[in-house]
Amino acid sequence: MAGFRSAEEFWPNPKDLSLLPFNFERVGSTGQVLISNMVGDFVRLSDQDFDRLTRLDVKSGDGLYERAYAAHLITGATQKSQKQLLALRLRSRMSFLRQATPLHIFVVTLRCEHSCPYCQVSRQSTDRSRFDMSEQTAMRSLDIAFQSQSKRIKIEFQGGEPLLNFDLIKTIVVEAKKRSSASGKLADFVIASNLALLDDHVLSFCKEYDILLSTSLDGPADLHNKNRPRPGGNSYELAVAGIRRAQSELGPDRVGALMTTTEASLERVDEIIDEYLRLELDGIFLRPLSPFGFAVKTKLYQRYDTEKWLAFFERGLRRILEINRGGRPFRELYSSLLMQRMFTDKPIGYVDLRSPAGIGLGALVYNYDGNVYASDEGRMLAEAGDKTFALGHVSEASYRSLVLSDNLVNAVSESLSQCAPQCSNCVYESHCGADPVYHHATQGDPVGIKPLSGFCARQKGVMSILLGMLENPEDRAILRRWIN
Ligand code: SF4
């Protein structure tokens with residue numbers, strides 16, 4: 001009677017193995033190598049195991065073979081399934097490209113009653129009504145927004161302070177709702193406001209049309225009011241009152257807040273987080289300053305370097321994990337985006353974490369004067385005289401002419417981190433993104449020289465902090481819960 005063939009006979013022949021594409025980095029002097037496959041799954045190997053892997057000196061049953069196989073680092077020469085699985089996962093991760101331009105930012109006025117020294121938009125004083133968007137420009141902008149292929153669009157109102165032109169916001173929302181019903185394209189709305197002008201009228205309109213509010217909160221009163229001066233010196237008091245009113249009248253999840261880190265914030269991350277907890281917000285986005293607008297003119301942007309910001313970020317993140325360990329769910333929002341990148345193959349909507357870059361394809365910005373830009377930062381550069389990311393004017397543009405404009409096609413085609421110098425070999429590439437506007441603004445080149453790039457240093461720093469925390473099982477469980 002014929003017996004069963006031994007298990008060894010089914011093992012793949014080591015000679016038939018081949019390596020799949022991966023990037024790697026030696027981790028300081030730990031004797032370890034961090035490896036990421038094509039879709040960003042991380043594995044840590046010892047130097048010796050890494051050496052064996054690259055020589056394909058592995059065989060079934062030795063442990064390393066199984067790890068490398070599970071992490072899509074090796075495959076059998078005749079085997080297609082590993083490559084097909086990687087292709088499928090990559091396609092899913094990049095499927096944001098099928099939802100072109102879901103975000104449309106309407107700058108309804110450049111006027112503002114605040115005078116924040118880090119303001120990125122080169123605001124104008126309140127009495128300059130020539131800096132308001134006209135109804136004609138708004139309607140043309142809506143035409144373009146509804147031409148985009150996305151089945152669901154988000155219209156975000158920005159300024160200056162958009163509530164200074166609230167009548168136009170109402171006109172746009174009512175008209176967009178009509179077009180939404182007629183076209184079947186869903187439309188969501190957000191007003192990014194400092195909330196100083198929030199009143200019953202604004203709130204009831206937001207309630208009726210299900211409009212989300214997004215505001216700025218930099219921390220405790222003295223810090224916030226120092227960062228965000230306004231007549232009366234009461235920006236904090238008005239923002240907090242506005243958040244509380246919006247929470248009670250629109251719902252706790254219908255208002256969110258963002259903070260910006262200034263030099264004065266660096267030693268106060270605990271107090272800043274406590275402020276968000278006190279207001280029962282469900283998370284905080286620890287954001288550095290951006291090199292645009294008044295932040296450059298006032299030289300605020302140069303007051304601290306990436307290293308100091310990373311120390312601030314790490315302290316904040318440790319504190320937030322502690323809060324979660326104590327039983328209160330609370331997220332750091334940038335980390336939660338990165339967790340989604342690392343642990344799922346869902347496409348990510350956040351325009352700064354995409355390659356090709358999210359400019360134009362992720363968001364279009366309609367300025368008050370009808371000029372259209374590839375991003376909010378592109379608009380800020382234009383206010384300072386640099387029109388590199390200007391795509392056209394609503395009076396003559398269509399959605400198609402904007403996304404196929406030379407300025408956008410050139411910037412996007414150069415933005416692929418998958419083939420950019422330094423990025424193409426970087427172990428963090430799958431989770432990073434391309435920021436051509438930042439690199440153009442800081443280095444005069446959209447690709448950028450990554451060893452000199454603050455963006456790159458910050459991305460590497462944040463991801464290596466997170467990977468370190470993921471080593472601890474308790475922290476890993478908390479961080480994984482932050483995935484939407
Ligand atoms: S920008 Fe820096 S961290 Fe991001 S992929 Fe490029 S080299 Fe890596």
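Reply: Start with the ligand. The shell around it divides into five nonpolar residues, one polar and three charged. Keep in mind that this is a predicted model.

Me: Which residues are around the ligand?
Reply: They are Gln422, Cys423, Cys426, Glu429, Cys432, Lys450, Phe455, Cys456 and Lys460.

Me: Which domains does the protein have?
Reply: The domain assignment gives domain 1 (12-91), domain 2 (100-403) and domain 3 (413-481). The C-alpha centres of domain 2 and domain 3 lie 22 Å apart. Their contact takes 35 residues from domain 2 and 34 residues from domain 3.

Me: How much area do domain 2 and domain 3 bury between them?
Reply: About 3,000 Å². Carbon and sulfur atoms hold 72% of it. The size of an interface is often given as the accessible area lost when the parts come together.

Me: Why is the pair Arg325 and Asp475 called a salt bridge?
Reply: The closest N and O atoms are 2.4 Å apart. The cut-off is 4 Å, for a side-chain nitrogen of Lys or Arg and a carboxyl oxygen of Asp or Glu. Arg325 and Asp475 therefore qualify. Between domain 2 and domain 3 the count is one salt bridge. Ten residue pairs are in polar contact across that interface.

Me: Which helix gives the most to the side of domain 2 that touches domain 3?
Reply: α11, with ten residues. On that side, α11 (306-325), α12 (333-343) and α13 (376-383) each supply at least two residues. The residues of this side divide into 20 nonpolar, seven polar and eight charged.

Me: How do you know that Asp345 and Arg93 form a salt bridge?
Reply: Their N to O distance is 3.2 Å. That is within 4 Å, so the pair counts. It links distant parts of the chain, 252 residues apart. Asp345 is in the loop between α12 and β14 (363-366), and Arg93 is in helix α3 (residues 81-93). The structure holds 28 salt bridges.

Me: Where does Pro356 lie, and what is its peptide bond from Ser355?
Reply: Pro356 is also in the loop between α12 and β14. The bond is cis, with omega near 0°. Another cis bond runs from Gly159 to Gly160, with omega near 20°.

Methods: Residues are numbered from 1 along each chain as its sequence is written. This is a predicted model: local features need pLDDT of at least 70, side-chain atom pairs count only at pLDDT 80 or more; totals for chains, interfaces and linings use all residues. Side-chain values use heavy atoms; hydrogens and water are left out. Domain bounds come from an automatic or database domain assignment. Contact means heavy atoms within 4.5 Å. Buried area is the accessible area (1.4 Å probe) that two parts lose on being put together, summed over both. A polar contact is a pair of N or O atoms within 3.5 Å; within protein, one must be able to donate a hydrogen and the other to accept it, and residues adjacent in sequence count only if both atoms are side-chain atoms. Helices (H or I, at least four residues) and strands (E, at least two) are DSSP runs, numbered from the N terminus. Ala, Val, Leu, Ile, Met, Phe, Trp, Tyr, Cys and Pro count as nonpolar, Asp, Glu, Lys and Arg as charged, and the others, Gly among them, as polar. A residue is near a molecule or strand if one of its heavy atoms lies within 4 Å of it.
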